[in-house]
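Here is a quick tour of a two-chain model, written for someone who likes to know the cut-offs. Have the viewer open and follow along.

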Amino acid sequence: MSPGAVTTGAVTPVPPDGRVLVVGGSIAAATAARALRGRGHTGPVTLVSGERHPPYARPPLSKGVLTGTEEPGSAQLPDLADVELRLGVPAAGLDVAARRVTLADGTTLDWDGLVVATGARARTIPGAEAAGARTLRDLDDARELGALVRGARSVVVVGGGPLGMEVASVARDLGARVTLVSDVPPLRALMGDHVSRLLVAAAEAAGVTVVTEPVRELLARDGGGTTAVLASGHRVEGDAVLVAVGCRPNVEWLAGSGLDVGPGGLVVDEFLRAGPGVVAAGDVVAHPHPVGALRTPYWSNAVDQAMAAVDALVEAEPAPFRARPYFWTEQFGHSVKLVGALPDVGEPEEVASAAGTVLRWRGPDGVPTGVAAIDCPLSVPRLRRLLAAG
Amino acid sequence: MQISVDYARCEGHGLCEDQAPDVFTLDDEGDLHYRFEGQDVPAEHAVAAGRGAASCPVAALKVVP
């Protein structure tokens with residue numbers, strides 16, 4: 001257990017008939033609830049989410065849901081059998097000693113085991129909302145932004161992460177004039193130089209103007225739209241403006257709980273335990289790492305963590321969580337899948353492949369650190385084998 | 001329990017195979033092969049199959065009770 005966290009002492013697993021409360025409404029929460037039932041948990045399982053929609057997949061939100069080609073509800077995750085869903089009211093407080101969660105409407109829920117999976121929300125920049133700029137995190141955001149982008153002649157994306165680049169790609173496909181503003185080269189921090197250069201070149205070839213410069217402020221434009229004022233004083237105007245500058249963990253409801261909460265997320269031990277009877281999974285989690293507690297807010301990580309967290313909740317001797325990173329993006333006509341630790345540093349070697357391009361990076365000791373499949377249909381299990389086969 | 005596969009939606013990530021290699025496999029072309037197409041999932045594979053379906057990042061796999 002990390003310093004400052006509630007110490008668990010001897011860990012008592014939640015019995016099969018115990019009450020388990022899952023707080024959160026996305027893939028980590030849904031996976032945890034399903035995993036409990038899958039392993040034969042007979043006690044009540046309740047999922048509490050501030051969202052009014054039942055759990056759905058977020059990856060399509062910056063793709064088909066945004067273009068409007070996917071019908072509403074198509075991204076919904078499989079129904080959760082024998083799980084009580086309480087939607088539309090977020091959790092507001094946690095009392096670990098009393099094993100009780102309080103919801104925003106004052107309802108209290110008692111539990112024997114708690115899974116914290118409240119995820120993250122979009123980061124933004126001061127004044128963005130007043131200037132009419134949008135963020136993209138949930139289904140309602142995607143529908144509203146999609147309608148806006150479909151009617152826009154000009155779109156400005158602030159932020160050069162995968163989400164910003166994917167939205168820029170969709171906006172360009174829909175015919176808008178697109179400017180992407182990022183204070184660092186897009187995608188470099190996450191994916192490394194090589195893949196960053198490839199995708200930025202593809203964006204520029206598709207007609208996107210990429211500006212590497214900080215945004216000083218966002219201003220509402222008369223008659224709608226938003227003006228981005230850059231550090232140089234240069235102004236970029238958009239009928240639609242998206243701010244996509246990362247996400248922040250939803251930990252405020254844990255204030256005063258005694259759990260080890262910081263700006264980086266809810267700190268857990270190597271088993272994903274946060275306190276007595278409390279485990280955590282997904283984008284809210286800061287997991288121990290050699291350089292400090294890190295969040296890895298990716299889909300496959302949320303799935304893997306949710307299953308490991310449930311093991312830690314109900315088993316007397318769980319195995320430590322082991323991350324198996326996988327990240328992918330689709331943009332500007334390219335599909336990129338990455339396995340291994342990110343970012344991929346240095347120049348890769350090319351691995352023979354029947355279709356597309358497969359690249360492999362090695363660390364200073366020659367051991368493979370990452371594999372990328374570019375426009376290549378190889379699945380994740382196969383890419384992992386290439387990583388292990390080195 | 002059955003699983004319905006929306007093959008048009010599938011993007012070949014293979015996270016289902018990760019969870020349930022005896023139920024879902026992806027070939028060299030990234031095409032999904034589902035072992036129990038059109039039939040009930042045998043009881044001994046049901047838990048893994050459900051886990052595989054739920055791990056799909058593009059919601060291409062649906063569980064039909």
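## Two loop residues with positive phi

A:Phe332 lies in the loop that links strand S22 (326-331) and S23 of chain A; helices (H or I, at least four residues) and strands (E, at least two) are DSSP runs, numbered from the N terminus. Its phi is positive, about 50°, although A:Phe332 is not a glycine. A:Phe332 is also buried, with 22 other C-beta atoms within 10 Å. Here, buried means 20 or more other C-beta atoms within 10 Å of the residue's own, exposed means 12 or fewer, and partly exposed is in between, with C-beta atoms placed from the backbone.

A:Leu187 is another one to click on: its phi is near 70°, a positive value in a residue other than glycine. This residue is found in the loop between strand S10 (177-182) and helix H5 (188-191) of chain A, and it is buried, with 26 other C-beta atoms within 10 Å. For background, most residues other than glycine have a negative phi, and most peptide bonds are trans. On the peptide-bond side, the link from A:Leu342 to A:Pro343 is cis, with omega near 0°. A:Pro343 is in the loop between strand S23 (334-340) and strand S24 (349-351) of chain A.

## What kind of model this is

This is a predicted model, in which local features need pLDDT of at least 70, side-chain atom pairs count only at pLDDT 80 or more, and totals for chains, interfaces and linings use all residues. Residues are numbered from 1 along each chain as its sequence is written, while chains are lettered from A and ligands numbered from 1 in the order in which they are written.

The model scores ipTM 0.90 and pTM 0.93. The mean pLDDT (the predictor's confidence in each residue, from 0 to 100) of chain A is 93, and 97% of its residues reach 70 or more. For chain B the mean pLDDT is 93, with 100% of its residues at 70 or more. The stretch to watch is residues 1-9 of chain A, where pLDDT stays under 50 and the model has 20 contacts beyond four places in sequence. Where pLDDT is low, the predicted coordinates should not be read in detail.

## Helix H1 of chain A

After H1(A) comes A:Gly40, with a positive phi near 90°.

A:Val116 is buried, with 35 other C-beta atoms within 10 Å. Leaving aside neighbours within four places in sequence, its contacts include A:Val23, A:Leu266 and A:Val284; two residues are in contact if their C-beta atoms, placed from the backbone, lie within 7 Å.

## Where the chains meet

Across the interface, 22 residues of chain B are in contact with 23 residues of chain A. On chain B, the elements giving two or more residues to that side are helix H1 (15-19), helix H2 (43-54) and strand S4 (61-64). H2(B) gives the most, with five residues. By class, chain B's side has 10 nonpolar, six polar and six charged residues. Ala, Val, Leu, Ile, Met, Phe, Trp, Tyr, Cys and Pro count as nonpolar, Asp, Glu, Lys and Arg as charged, and the others, Gly among them, as polar.

How do H1(A) and H2(B) run relative to each other, parallel or antiparallel? The axes of helix H1 (residues 27-38) of chain A and H2(B) come within 10 Å and cross at roughly 175°, so the two helices are roughly antiparallel. Axes are lines fitted to C-alpha atoms, for helices over the stretch in contact, and angles run from 0 to 180 degrees between N-to-C directions; under 35 degrees counts as roughly parallel, over 145 as roughly antiparallel, 65 to 115 as roughly perpendicular and the rest as oblique. The contact is made by A:Ala30, A:Thr31, A:Arg34 and A:Gly38 of H1(A) and B:Val47, B:Gly50, B:Arg51 and B:Ala54 of H2(B).
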